[in-house]
Amino acid sequence: MLKHLSHSFGEEPVLIDVNMHVERGQKVALIGPNGGGKSTLLRIAAGQVQPTEGVVEWAERARPGYYDQHQDEALDGERTVIEEVRAVADGTPDVDLRRVLGRFLFIGDDVFKPVSVLSGGERSRVALAKFLIQPTNVLLLDEPTNHLDRTTRRKLIEALQQYTGTILCASHDPGIVEGVATHVYEVADGSIRELLERRKD
Ligand SMILES: Nc1ncnc2c1ncn2[C@@H]1O[C@H](COP(=O)(O)OP(=O)(O)O)[C@@H](O)[C@H]1O
Ligand SMILES: [Mg+2]
């Protein structure tokens with residue numbers, strides 16, 4: 001729950017008394033104009049930015065994880081693909097890691113490639129696999145399909161459709177807004193407004 005959140009950068013108000021209640025299993029898309037405050041809202045929810053006013057309250061069992069477009073720059077080139085995901089996997093067996101990596105098209109010996117030799121698209125796929133493998137149950141995503149190649153974008157959308165946890169995602173990608181979201185909110189002029197409610201059960 002976001003309760004009476006307000007945020008300003010200097011004199012500039014970005015969010016004004018925003019209230020939001022997201023329930024377990026909901027997949028929320030945040031849309032709205034550039035500069036409307038979507039990224040700020042996500043970063044406040046992720047605990048990366050302290051709001052000027054208001055609070056974020058998480059359910060006791062919620063384990064949020066935050067992903068933005070720069071995660072592929074944070075990969076360790078010295079590691080192999082499987083080592084890189086194992087590092088965040090909290091003891092998940094390799095067979096399960098390889099299943100997720102397989103969904104992101106790392107098949108067979110591909111998982112033993114060093115990260116340093118991967119293409120840009122492959123690096124984003126490793127970063128996304130890492131993100132999905134973390135022991136989180138709430139995904140906070142900031143425009144995750146921007147800059148992805150078509151295949152990686154499609155794989156990510158499939159993974160988000162199958163995801164059984166909760167998602168809060170800034171995006172205008174129709175694959176996400178139409179294909180993943182159960183709820184859509186517009187963030188604009190300091191406020192949020194629910195646009196429509198859909199059920200995907
Ligand atoms: N770190 C920051 N310092 C100052 N202003 C910022 C900062 N981050 C965002 N802003 C401003 O806050 C407003 C909302 O930005 P943002 O949350 O990134 O919007 P969106 O993600 O919807 O495009 C914009 O006017 C932006 O310039
Ligand atoms: Mg943004």
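Mentor: We begin with a definition: two rings of Phe, Tyr or Trp form a pair if their centres lie within 6.5 Å. Planes under 30 degrees apart count as stacked, those over 60 as edge-to-face, and the rest as tilted. Please keep in mind that this is a predicted model.

Trainee: How many aromatic pairs does the rule give?

Mentor: The count comes to 1 aromatic pair.

Trainee: What makes Y67 and F131 a pair, and why is the pair called tilted?

Mentor: The ring centres of Y67 and F131 are 5.2 Å apart, and the limit is 6.5 Å, so the two rings pair. Their planes stand at 50 degrees.

Trainee: Which parts of the chain does the pair link?

Mentor: The pair joins distant parts: Y67 belongs to strand β5, residues 64–67, and F131 to helix α4, residues 120–133. The two residues are 64 apart in the chain.

Trainee: How do you know whether Y67 is buried or exposed?

Mentor: Buried means under 20% relative accessible area. Y67 has 2%, so Y67 is buried.

Trainee: What is known of R125 and the ring of F106?

Mentor: R125 lies over the face of F106, at 5.5 Å from the ring centre. The distance limit for a charge over a ring is 6 Å, so the value of 5.5 Å meets it.

Trainee: Let us turn to the ligand. Which residues are around ligand 1?

Mentor: They are F9, V14, P33, N34, G35, G36, G37, K38, S39 and T40. By class, 3 are nonpolar, 6 polar and 1 charged. K38 is the charged one, because Lys is counted in that class.

Trainee: How do you know that K38 makes a polar contact with ligand 1?

Mentor: A polar contact needs a pair of N or O atoms within 3.5 Å. An N or O atom in the side chain of K38 is 2.7 Å from an oxygen atom of ligand 1, so the pair qualifies. A polar side-chain atom of S39 lies 2.8 Å from a ligand oxygen, and a polar backbone atom of G37 lies 3.0 Å from one. The protein covers 59% of the 560 Å² of accessible area that ligand 1 has on its own.

Trainee: Which element gives the largest share of the shell around ligand 1?

Mentor: Helix α1, residues 38–45, gives the largest share, with 3 residues.

Trainee: What makes α1 mostly covered?

Mentor: Of its 8 residues, 6 are buried. They are K38, T40, L41, L42, I44 and A45. After α1 comes G47, with a positive phi near 80 degrees.

Trainee: What makes the phi of H147 worth a remark?

Mentor: Most residues other than glycine have a negative phi. H147 is not a glycine, yet its phi is positive, about 70 degrees. E143 also has a positive phi, near 45 degrees, and is not glycine either. H147 is in the loop between β6 and α5, and E143 is placed in that loop too.

Trainee: Is H147 buried or exposed?

Mentor: Exposed means over 50% relative accessible area. H147 has 69%, so H147 is exposed. P174, in helix α6, is exposed as well, because its 52% is over 50%.

Definitions and conventions. Residues are numbered from 1 along each chain as its sequence is written. Chains are lettered from A and ligands numbered from 1 in the order in which they are written. Side-chain values use heavy atoms; hydrogens and water are left out. A residue is near a molecule or strand if one of its heavy atoms lies within 4 Å of it. A polar contact is a pair of N or O atoms within 3.5 Å; within protein, one must be able to donate a hydrogen and the other to accept it, and residues adjacent in sequence count only if both atoms are side-chain atoms. Accessible areas come from the Shrake-Rupley method with a 1.4 Å probe; for residues, only the protein chains shown count as cover. Helices (H or I, at least four residues) and strands (E, at least two) are DSSP runs, numbered from the N terminus. Rings of Phe, Tyr and Trp (its six-membered ring) pair if their centres lie within 6.5 Å; planes under 30 degrees apart count as stacked, over 60 as edge-to-face and the rest as tilted. Buried means under 20% relative accessible area, exposed over 50%, partly exposed in between (1.4 Å probe, protein chains only). A charge sits over a ring if NZ of Lys or CZ of Arg is within 6 Å of the ring centre and within 35 degrees of the ring normal.
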